[in-house]
Amino acid sequence: MAGFLQTLNYTSSNEDGRSELRALRLTEKDTVVCITGSGSRTLDLLTAGPGRIFSVDMNCCQSFLMELKIAAIRNLSYDECMRFLGVLQDSRRPAIYRGLRTHLSNGARAYWDGMLPAIARGILYQGRWERYFYRLAASLRLTRGGLLDALFGAADIEHQYALFLKGWDSSFWRGFIRCISPKVVWKFALGDPGFSRYVPRGFSVSGFLLDRFGVSFRTRLLRESPFMNLLLQGRYPSDVSLPLHLQRRQYRLIRERLDRITVVTARLDEFLQMMRPRTVDAFSLSDIGSYTSSEQYEQVWAAVASAGASGARFCERQFLVKRPLPDIVATTVRRDWNLECALEAADDSTFYSFVVGILTGGAQWN
Ligand SMILES: C[S@@+](CC[C@H](N)C(=O)[O-])C[C@H]1O[C@@H](n2cnc3c(N)ncnc32)[C@H](O)[C@@H]1O
C-alpha cells in the first residue's frame with residue numbers, strides 16, 4: 001500500500017457525484033467530510049452549496065491535485081481551465097501552470113514543479129487509474145474500433161443494446177474481461193490495492209464486471225455517460241460526456257464556493273477523531289472499504305458515528321469488496337435500502353453498490 005500512497009492514482013472522475021448529492025441532500029448549513037480521491041466528488045458536492053467541506057485523503061498526491069484543481073478553477077476562465085486540465089487541447093499548459101503555482105501550498109508547489117511532463121499532457125488523464133484504462137481503451141479501439149464507434153453513435157439505447165447483443169458481447173469481449181480480471185493482473189498491471197487486496201477469495205471479478213457492463217449497455221446511452229467514455233474511449237470527447245463539476249453551467253457556482261473547501265491529508269479515522277463530536281452533517285466515504293482491513297473499516301465507522309451529528313447523512317460506495325457495516329454502529333445508523341437500490345441502478349459509474357442512511361445518534365430506529 002505504501003508505494004500506492006505516494007503516487008497520483010485518480011485524476012478524473014470514476015464516481016458519479018450525482019449519487020452523493022441525492023444521498024446527502026446538502027444544505028447551506030452543512031459541514032461535510034468527503035474522501036478526496038480525484039477531487040471530483042468534492043467539486044460535485046460543492047454544486048449543492050454546503051457550508052463547509054473537509055476534503056480528506058491519506059495520499060498527499062491526491063490532496064495536491066485537489067489544490068491544483070482549486071487554483072485552476074479560481075484563476076482561469078472555463079475554456080482556459082478545460083484546456084489546462086486536458087479536456088481541450090493546449091500546448092501552453094506549463095506556462096499556465098507557472099501562473100497558478102503561486103496559489104499553491106509549498107508542498108503542492110514542490111510536488112507539481114516535479115510533474116511538468118504530466119501537466120503538459122493534461123493532468124485530468126494522468127492518474128494511475130486513467131493511464132491504465134486508457135491503455136485498455138486503446139487496445140479495444142485497435143481491435144473493435146468500428147463497433148465502438150457504432151455503439152457510441154447509436155441512435156438510442158434500444159439500437160445500442162441490439163449492437164451490444166449482436167456484436168460486442170462476444171467471446172472476444174468476455175475473454176478480454178477474463179484477461180484483465182485476475183488479482184495478479186490488477187496487482188501488477190494497475191497496482192491499485194482496491195482492486196485486489198481485500199477482494200474475497202472466490203469472488204468472480206470477471207462475472208461481476210461482465211454483469212455491470214451489460215447493465216450499462218442496456219440502461220444508459222454510452223455517448224452521454226462520462227464514466228463509459230472514460231473507460232472505453234479513455235477521455236471525455238464532448239461536452240455531453242463531461243462529469244457534473246466539469247460542465248460549463250456549474251463553473252461560476254463552483255468558483256464562488258471554493259473557499260468552503262479545506263484540503264486535509266490524513267487517515268479519515270484519525271482526522272475525524274480530531275473533530276468535535278457530533279459536528280459533521282454529511283459523509284462521502286467513496287469506496288474506502290476497498291482500501292481498509294476489517295479492523296480499519298471498523299475504526300472508520302466508529303469515528304464517523306462519533307463525529308456525526310444526530311441525523312447526519314452518509315454515503316459509502318462498495319466496488320469489489322462488499323462489507324457489512326460493523327456491529328459497533330449497528331444501533332446508531334438507519335440505512336435507506338430503497339435509496340441504495342435506486343442509486344446502484346442510476347449511478348453512471350456502474351460498478352458500485354451503496355451504503356446510504358443517517359446516523360440516529362444512538363436511538364434504536366432499525
Ligand atoms: C477509491 S479511491 C477514490 C477515488 C475515486 N474513485 C475518485 O476518483 O475520486 C479512495 C481514495 O481514498 C483514499 N483512502 C483510502 N482509505 C483511506 C483512509 N482510511 N483515510 C483517508 N483516505 C483514504 C485513497 O488514498 C484514495 O485516494
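**Exercise 1. State whether Phe 164 and Phe 217 are buried or exposed, then describe how their rings pair.**

Solution. 
- Step 1: Phe 164 is buried, and Phe 217 is buried too. The model is predicted.
- Step 2: Phe 164 belongs to helix 9 (residues 157-168) and Phe 217 to helix 12 (residues 205-219). They are 53 residues apart, and the pair links distant parts of the chain.

**Exercise 2. Classify the pair Trp 173 and Phe 176, and explain why each residue counts as buried.**

Solution. 
- Step 1: The centres of the two rings, Trp 173 and Phe 176, are 6.1 Å apart, with 15 degrees between the planes; the pair is stacked.
- Step 2: Both residues lie in helix 10 (residues 171-180). They are 3 residues apart, about one turn of the helix.
- Step 3: Buried means under 20% relative accessible area. Trp 173 has 1% relative accessibility, so Trp 173 is buried. Phe 176 has a relative accessible area of 15%, so Phe 176 is buried as well.

**Exercise 3. Find the rings over which the charged ends of Arg 317 and Arg 323 sit.**

Solution. 
- Step 1: For Arg 317, the ring is that of Tyr 352; the charged end sits 4.9 Å from the ring centre.
- Step 2: For Arg 323, the ring is that of Tyr 198; here the distance to the ring centre is 5.4 Å.

Notes. Residues are numbered from 1 along each chain as its sequence is written. This is a predicted model: local features need pLDDT of at least 70, side-chain atom pairs count only at pLDDT 80 or more; totals for chains, interfaces and linings use all residues. Side-chain values use heavy atoms; hydrogens and water are left out. Helices (H or I, at least four residues) and strands (E, at least two) are DSSP runs, numbered from the N terminus. Buried means under 20% relative accessible area, exposed over 50%, partly exposed in between (1.4 Å probe, protein chains only). Rings of Phe, Tyr and Trp (its six-membered ring) pair if their centres lie within 6.5 Å; planes under 30 degrees apart count as stacked, over 60 as edge-to-face and the rest as tilted. A charge sits over a ring if NZ of Lys or CZ of Arg is within 6 Å of the ring centre and within 35 degrees of the ring normal.
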